[in-house]
Amino acid sequence: GRTLALTPAGRLLVSHAEVVLNDIAAAESALAALTTQGAGVVRIAAFPSAARVLVPPAWAALAGGAVTLRLLEQEPELSVESLRCRDVDMAIVHGYTLLPRQVPTHCDEHHLLDDPVLLAVPPSVAAERGLAAGDVASLADFAGLPWLAPNEDVSCHEITARACGAAGFVPDTVAHATDFAVLTALVAAGIGVALVPALALPADVCGVSLHPLAEPVTRKVFALTRAGSATRPDLRLVLAQLRVAADAWST
């Protein structure tokens with residue numbers, strides 16, 4: 001109920017619980033290092049574009065080896081909770097420069113890549129503003145156009161509002177979608193403009209002009225593991241292959 005609150009003794013127990021859980025994770029990792037020598041099942045939760053771009057090459061590289069992967073596609077908020085509840089061993093999440101994601105106290109962070117956010121506009125609109133594909137764009141120049149954005153229940157939606165607000169206007173959002181491929185298809189159809197992280201772009205972006213932002217916005221992509229668990233040989237192998245996939249995408 002709204003009137004309930006932890007007593008000082010309750011708060012003390014919570015703080016000790018975090019220490020106990022971290023010690024358990026460290027013990028599990030030490031035992032895994034002793035007994036598995038790299039073998040094991042690693043359960044990964046990942047947001048959609050990471051699940052599409054980073055996980056498949058890492059999985060393929062590990063195929064036939066001692067490590068078995070399991071994948072659950074989840075938005076970061078849900079995957080962090082899955083990690084906390086021990087439903088997964090690793091969560092691949094993101095945080096934006098305009099909306100950082102706080103790392104839970106019970107987790108270790110492993111950086112994978114920095115994902116630039118791009119402005120996607122119809123080529124005719126870019127041409128009207130004297131922009132060739134790849135030219136830097138100022139969001140204020142697109143204030144009067146219809147905007148396309150992710151659904152309001154994901155953090156990517158807030159980035160459009162914050163970036164446009166920093167540019168001095170409130171976007172007139174005419175469409176919401178869970179899939180960035182839908183947003184870019186609407187851009188290609190001339191419906192409006194959108195902010196799209198580069199990692200989330202579909203393979204086919206025909207009919208879309210992409211532009212870095214004059215005031216850059218970046219999405220940091222990183223993996224979370226329970227505190228102390230990354231010493232597990234199987235988790236180390238998975239993290240190594242995810243970094244290989246991230247490096248390959250970045251170049």
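Select G168 to begin: this glycine follows helix α6, and its phi is positive, near 100 degrees. The model is a predicted one, in which local features need pLDDT of at least 70, side-chain atom pairs count only at pLDDT 80 or more, and totals for chains, interfaces and linings use all residues. Residues are numbered from 1 along each chain as its sequence is written, and side-chain values use heavy atoms, with hydrogens and water left out.

Colour S155, C156, H157, I159, T160, A163 and C164, which are buried in α6 (buried means under 20% relative accessible area, exposed over 50% and partly exposed in between, with a 1.4 Å probe and protein chains only).

A cavity, on a 1 Å grid over the protein atoms alone, is a set of points where a 1.4 Å probe fits but cannot get out, and lining residues have an atom within 4 Å of a point. α6 gives the most to the lining, with three residues. By class, the lining has eight nonpolar, one polar and no charged residues (Ala, Val, Leu, Ile, Met, Phe, Trp, Tyr, Cys and Pro count as nonpolar, Asp, Glu, Lys and Arg as charged, and the others, Gly among them, as polar).

Next, select strand β4, residues 107-121, which runs antiparallel to β9, residues 218-226, and is joined to β9 by nine bridges; strands pair if DSSP finds at least two bridges between them. Within this pairing, D108 stands opposite T225. Centre the view on A120, whose bridge partner in β7 is A194 and which stands opposite L210 in β8.

Turn now to the largest pocket, with a volume of about 290 Å³; a pocket is an open set of points with protein on both sides within 12 Å along at least five of seven lines. It is lined by 17 residues, of which P48, S49, T178, D179 and F180 lie nearest its centre. The elements that give two or more residues to this lining are α2 (48-53) and α7 (180-188), and α2 gives the most, with three. The lining of this pocket has 10 nonpolar, three polar and four charged residues.

Finish with two helices. In α4, residues 76-84, select S82, which is buried with a relative accessible area of 8%; its side chain makes a polar contact with the side chain of Q74 at 2.9 Å. A polar contact is a pair of N or O atoms within 3.5 Å; within protein, one must be able to donate a hydrogen and the other to accept it, and residues adjacent in sequence count only if both atoms are side-chain atoms. In α8, P233, D234, L235, V238, L239, L242, A245 and A246 are buried.

Definitions and conventions. Helix = DSSP H or I, 4+ residues; strand = E, 2+ residues; numbered from the N terminus. Points joined across faces, edges and corners; volume = space filled by probe spheres on them.
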